[in-house]
Amino acid sequence: MRQSSLQRDLVRIEEPGGVCMSVLELCDREIAAVGMDATVADAINKMLDHHVGAVAVVDNEYRVAGIFTERDVLRKISLTRLDPQSTSVRDLMTTPVEMATQGTGAGEALSIMLERHFRHLPVADNNGKLLGILSIRNLLEWRVDDLRHELDALEQYMTNDGPGG
């Protein structure tokens, strides 16, 4: 498979000095999650309230049991006769869930998301407890900001009039 320019640039998705930024730092502040007993309508309303495209489905100990996304709404609800008000999100959530940890770098997360066509990646601790949800939007906003800083540094370097300049 041909590598995209975004995938080729993953090596550069690091903080200065080669230290990777934790994906947890890039997650939205408010976590969109519903319990296992929630209905599909509850999950959709949570997505609408938080302006996100996915909610984590968590158990009583806040461990990730599944994920419910806009794609699940389209594929599993829109063309069926299932009633979102009475259908359990547990029955339609995507499982098992690929997750990142606090130690996952931004480049690694982006690579996973691009390769597997995910737009959302839950971030969990070692026990599976939900810490945040990373979206492709979070990563792309961070990358654009990183490139902006790199461009500014290059412009400054090129316009600096030093010895031999």
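The model is predicted, so local features need pLDDT of at least 70 and side-chain atom pairs count only at pLDDT 80 or more, while totals for chains, interfaces and linings use all residues. Residues are numbered from 1 along each chain as its sequence is written, and side-chain values use heavy atoms, with hydrogens and water left out.

Start with the overall layout. The protein chain holds 6 helices and 5 strands. Helices (H or I, at least four residues) and strands (E, at least two) are DSSP runs, numbered from the N terminus. Along the sequence the pattern reads α-β-α-β-β-α-α-α-β-β-α. The chain has 165 residues, and 40% of them count as buried. Buried means under 20% relative accessible area, exposed means over 50%, and partly exposed lies in between (1.4 Å probe, protein chains only). Contact means heavy atoms within 4.5 Å. Among contacts between residues at least 6 apart in sequence, 58% join residues at least 24 apart. The accessible surface comes to about 10,400 Å², and carbon and sulfur atoms account for 50% of it. Accessible areas come from the Shrake-Rupley method with a 1.4 Å probe; for residues, only the protein chains shown count as cover.

Three strands form an open sheet in the order 1-2-3, with mixed pairing. Strand 1 (33-35) and strand 3 (64-69) stand at the edges with a single partner strand each, so one side of each has no neighbour in the sheet. From one strand to the next, the twist averages 30 degrees. Two strands pair if DSSP finds at least two bridges between them. Strand 2 and strand 3 pair in the antiparallel sense over 5 bridges. Within that pairing, Ala56 has Ile67 of strand 3 as its bridge partner. Helix 2 lies across strand 1, strand 2 and strand 3, and runs at about 70 degrees to strand 3. Axes here are lines fitted to C-alpha atoms, for helices over the stretch in contact, and angles run from 0 to 180 degrees between N-to-C directions.

His51 sits in the loop between helix 2 (40-50) and strand 2 (54-58). Its phi is positive, about 55 degrees, although His51 is not a glycine. At 71% relative accessibility, His51 is exposed.

Pro84 lies in the loop between helix 3 (70-77) and helix 4. What does Pro84 touch, not counting residues up to four places away in sequence? Its contacts are Thr39, Val40, Ala41 and Ile77. Pro84 and Val40 are 44 residues apart in sequence, but 4.8 Å apart in space, C-alpha to C-alpha. Pro84 is partly exposed, with a relative accessible area of 25%. Pro96 is in the loop between helix 4 (89-92) and helix 5. A cis peptide bond joins Thr95 and Pro96, with omega at about -5 degrees.

Helix 5 (residues 106-116) comes next. Its buried residues are Ala106, Gly107, Ala109, Leu110, Ser111, Ile112 and Met113. Just after helix 5, His117 takes a positive phi of about 60 degrees. His117 is not a glycine either. It lies in the loop between helix 5 and strand 4. With 57% relative accessibility, His117 counts as exposed.

Is strand 4 (residues 120-124) largely enclosed or left open? All 5 of its 5 residues are buried, so strand 4 is largely enclosed by the rest of the structure. In a regular strand the side chains alternate between the two faces of the sheet. Here His120, Pro122 and Ala124 point one way, and Leu121 and Val123 the other. Strand 4 runs antiparallel to strand 5 (residues 130-135), joined by 5 bridges. Pro122 stands opposite Ile133 of strand 5. The hairpin of these strands has 5 residues between them, and there Gly128 takes a positive phi near 85 degrees.

The last stop is Asn138, in helix 6 (residues 136-159). Asn138 is buried, at 5% relative accessible area. Its side chain makes a polar contact with the side chain of Asp28, at 3.1 Å. A polar contact is a pair of N or O atoms within 3.5 Å; within protein, one must be able to donate a hydrogen and the other to accept it, and residues adjacent in sequence count only if both atoms are side-chain atoms. Leaving out residues up to four places away in sequence, Asn138 touches Leu26, Cys27, Asp28 and Ile133.
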